[in-house]
Structure formats: structure tokens, C-alpha cells
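Please look over the following structure with its charged side chains in mind.

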Amino acid sequence: MNDTSAGTAAKAGRREWIALCVLLLPLLLVSMDVSVLYFAVPFISRTLQPTSTEQLWIFDIYGFVLAGLLITMGALGDRIGRRRLLLIGALGFGLASVAAAYAQSAGMLIAARAVLGVGGATLMPSTLALIRNMFHDEKQRGTAVAIWSAATTSGIALGPVLSGLLLNHFWWGSVFLINTPAMVLLLVTAPFLVPEFRNPGAGRFDLVSSVLSLGAVLPVIYGVKEIAANGVDLPRGLSIVAGPVIGAVFIRRQGRRPDPMIDLRMFRNRGFSGSIVTNLIAMFAMVGFAIFSTQYLQSVLAMSPLTAALWSLVPSLGVGVAAPTATQLARRVNRAYVIGAGFLVAALGFVALTQVRAGSSVAVILVGAGVYAIGLAVVMTLVTDMVLGAAPPERAGTASALVECGSEFGGALGMAILGSVGTAIYRRDVTDALPAGLPHGAVHAVRETLGGALAVAGRMPGGAGEAIRRAARDAFVDGMHAAAVTGAVIMMGAALLTVVVLRRTEIAQPADRPAPASGPASPEPSLRG
């Protein structure tokens, strides 16, 4: 690390950029693990024969554990060292991947997926916090965060494609085994290339606060996802209410402790708190609408899962260009206006999606999805950089965890709210369009989901089956239009909110100095393995 004069941030060199490439390994794999099971479920069902409840937990346990432990792991990394936590997480993630690949029962697979979630919770905030500590120059950090954002988005998009390709040639466990070689490479190279950072003044780890943070996050995400999937009932409503109540206890404890997990003073910075909310809104739209585009390709256009996954990669191509372009543009224009423009571009993409019809060309939905993905990539890249720039370097782990936690909340809320809007319109329109005389059970199945409707149509003779199929697809597209209009309105509101809240915020301090790796006397972070 080069010495700097006061007021000038140290420039990162070749070593830091190589270290960034190393950090992209776990980032890609953790983001891919969110979506890699999409195609593997039928194979797992035939081999392990899980119950319907077990199958849901195979999907959901990873995200639940990941979301619940993000704040804890971010604070732990600040205390024991971010590189150390990264390596511990990589080892756990690699071993859990092997256990998942060779699971002999649904229970074993659920347990392995839970451990994968623990590993993911250590890896995600560690990578972003290390970027904050390696890149002190604002321009370089913006570029590094843009690469980080593009890698995250690419991992989620690549997951289903890679899963489909592997399942064409190997057994279902191969979708987990791909993690292991990358984690071995990380364990070998990171001690030599990635510098260690920790906050020597962070104090003792607070186990009670860790449990409270878990209780504040997990019930809300669980409740929102369950309501999105199965509708509102008392237990799910109480689960959502329990989260803020426990969260209030957690915040009260943080305000009273001399060494809190989260320094509440960070939220007084509008650049920090406003950026976390902005990122939540962006993820609300990105994740919330993804289910519509995926179902449209598979169920309305009748594509095979692998073909649909390959087509779904097309919108992500623009993301790889949008993230670095946004960083360059924000150096010349107030980034609040760039973020606001990103939201407006996303709104334009949602408006374009209202022109999709059941018989439209695949190009129509890909253009709309590509436009909103580009706009949201601009937003997420810049607000992530704002959070890291506004947070003190010694709190980078916690700040990174809060960004990721906001992303999980935003995605869960998006699936619940946009999904509910689309489902309500679908049920109304399909009920009105169904042919008379259908059995009650068939009507119920048709109203529940588009997949259920197509299954019923396949069992019906001749014209009745085609009428159901046409009614269900048209109703689904109507629901997708309603969700797109909702998304467009929210994006326009977010654009206005961003300009009002963020245009006068201080983003980064040019002279910020890294926290020492060990002991207050060390003037620079250790760069030795």
C-alpha cells in the first residue's frame, strides 16, 4: 500500500486488483446457489422422495439462514478479521457442498443447505467489506463495486443455466460439487493475495445481540415469503409483527452498549441510511418481477426450462455494461441524479412490459426486462458504493451486512407484493373467462396457479382444454401487466425520493484511512499472508 499525504487516499495497485478477482469466486458461487436448484428439484424428488414440506425447506432454508446471519457475520468479521472469516466461510461452504451433493435423505440435504447458508452469510459481507478496505480511492472503489455488483447479478442469472447443463450430463449432486474446486482455490490463494483487516476497537462479540438480530430478520422474511406463497393467516401475520418487536429490543440494546454490533450513528448519515433504503427498493423490483418473466417464458411461450434459462441471460448482458458506465457517469454528475435516472429507466422497462401479450415474440419481454435490469443495475452499483463510502472503514463488515440484509428484505417484499398483485388479477380474469360446466376441483386448480391451469388443460378433451389454456395464459399476462404498472409507479416514486434525499449527501472522505489489522499502533493494514 502506497503512503499518502493527508487529504489524498491511497491508490490500489496490481495486488489489490488481483485480490478482487479472487474475491469474485465466492461471490459468484454464493449468488448462484440462490438459483441453482431451479432445475434440480425433479431429480432430487425422484431420488430422495421428500414430502412437500421438505421440498419447500430444501429451497428456502438457504435463504433464511443467509438472511438471518448476515448482520451477525458482518459484526464478527469486524472483530476477528474479514479475511479470516472469509476463509472459515469458504471451508464450511466447500464441505457443506460435498455433504449436499451426496445427501442420502431429504433431512440431510436440508441440513447441508442450512450450513451452506451459514457459509454464504460469512462470504457475502466479507467480500464487500474487503473491497472497502482495499480500495480507498473513491474512483477505484466505484469501479471495484461495479465489478462486484455485476458478478452478483451474473451469478444469479447463471445458476439455472449451469444447473441445466450439468443435469444434462451428471446426477443432481453435481450442481453442488461445482462449489468445491473454487473454494479450494480461494483457500489456497486468499492468504497470499487478500490483506487482513479488522477493527481493533470493536470490543467483545455480543452473543445476545446476535440472537436478537436473527430474531429481528428471520420472522419477517419467513412471514413475507409464506404470505406470498400461501396467502395471509394469523401465524404468518404474527411472524411479521414479531420481527419489528424483536428489532426494537435489538436497537435499544445497541444504543446502550459501548461496543455495539451496529453503530447507530451511521444511520444519521443520509448517504448511508438513504442508500440502504434505495437498494431495498431496487431489489424489490428486480426480484419481485423475476418470477413473472420466468413463468412467461416457460408457461406462456412453452419453452423448455433450459431454453428459458438461456434466454433469461440476455437481459443480464446489459447489466455488465451498465454497472461500470454508471460509475463513470457518477464522477461527472451528482450521483443522486444518476440513481434517479436509473430508476426512471427501470420504470420505462416496466412500462414496456405492459405491451407483452400471450402471443408476443420473445424479443418483447427480453427488451422490457433488459431495460429495467439496466436501470436497476445502475441504482444498485451506486448505492452500494455510497454505503461503503459513508461507513467508517472499521465498520465496513457491518455496513456490508446491512446492504445484503436490505437486499433480502427487498427481494422478499417484492415477491410478496408484486406476486400478490399479479395473482389477484390472474384469479379474477381467469375465473371470468373459464368455460361453463367445469368440475369444482378443476376450477380451483385453474385459479391457484398458471401451472395448475395448464395441467388441468392437458387433461381436458379438445376445445375445452384449449379454452382453459388460452384463458389462463391471457389472465397471467394481465396479472403481469398489473405487476409491471405497480413496479413502474414505485420506480418513479423512488426516483423522486432519491433526488430529494441523496443529492446533498457526502459520499466518501478522500482521506479515509484503513483500520489497522492488529493493534492501534499499526499505521497501515497488514498486506502479509
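What follows is a short briefing on salt bridges, grouped by topic.

This is a predicted model, in which local features need pLDDT of at least 70 and side-chain atom pairs count only at pLDDT 80 or more, whereas totals for chains, interfaces and linings use all residues. Residues are numbered from 1 along each chain as its sequence is written, and side-chain values use heavy atoms, with hydrogens and water left out.

**Overall count**

**The Arg428 pair**
- Arg428 and Asp429 form a salt bridge whose closest N and O atoms are 2.8 Å apart.
- Arg428 is partly exposed at a relative accessible area of 49%, while Asp429, at 15%, is buried (buried means under 20% relative accessible area, exposed over 50%, and partly exposed in between, with a 1.4 Å probe and protein chains only).

- Glu466, Arg469 and Arg470 are linked in a network of salt bridges.
- In the salt bridge between Glu466 and Arg469, the closest N and O atoms are 2.9 Å apart, and these two residues are three apart in helix 19 (residues 462–502), which separates them by about one helical turn (helices are DSSP runs of H or I with at least four residues, numbered from the N terminus).
- Glu466 also forms a salt bridge with Arg470, with closest N and O atoms 3.9 Å apart, and Glu466 and Arg470 lie four residues apart in helix 19, about one turn of the helix.
- Glu466 is partly exposed at 38% relative accessibility, as are Arg469 at 21% and Arg470 at 47%.

Key:
A salt bridge is a side-chain nitrogen of Lys or Arg within 4 Å of a carboxyl oxygen of Asp or Glu.
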